[in-house]
Amino acid sequence: MELHFTGIIIALSTFLIIGLFHPLVIKVEYHTGTRYWWVFLAIGFLSVLAALFIESALISALIGVFGASSLWTIGELFSQKKRVAKGWFPMNPKRKSEYQPIDKNETLCPVHHGRSIYAIDEEEQP
């Protein structure tokens, strides 16, 4: 019986790539804010495009995961800005004027249209 490690390598590499992007988002937002979101767009787009032309399934998958993670980082940068405004992460004092006051009931989830699922409108109260 022959063992195939491609799936395990892709899984572990995906875990590491995503894990590396978390502190990257925090550092980039702290130092530059969201102004360089387009860099992640370009890197993500080019990586995904490159993955289409790579014959090796392993390398293509890893480049594709890296590209998708770069694209996902765009949204995370803007969410990180809200997390900082809420006080969940440290604010760069040099860029304090870039942060708008945020409602403590505002959610970071775009599905709930900016409202926390825990916020109750006065109209909804019995």
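Author: Start with the terms: helices (H or I, at least four residues) and strands (E, at least two) are DSSP runs, numbered from the N terminus. By that rule the elements run α-α-α from the N terminus on. This is a predicted model, where local features need pLDDT of at least 70, side-chain atom pairs count only at pLDDT 80 or more, and totals for chains, interfaces and linings use all residues. Residues are numbered from 1 along each chain as its sequence is written, and side-chain values use heavy atoms, with hydrogens and water left out.

Reader: How many of the residues count as buried?

Author: 26% of the 126 residues. Buried means under 20% relative accessible area, exposed over 50%, and partly exposed in between (1.4 Å probe, protein chains only).

Reader: Ok, helix H2. Which of its residues are buried?

Author: Phe40, Gly44, Ser47 and Ala51. Seen down the axis of H2, they fall within an arc of 70°, so they line one face of the helix. The arc is that of the directions from the helix axis to the C-beta atoms.

Reader: What covers them?

Author: The cover includes H1 and H3. On the other side of H2, Phe45 and Leu46 are exposed.

Reader: Different topic. Which residues does Val25 touch?

Author: Leaving out residues up to four places away in sequence, Val25 touches Thr73, Glu76, Leu77 and Gln80. Contact means heavy atoms within 4.5 Å.
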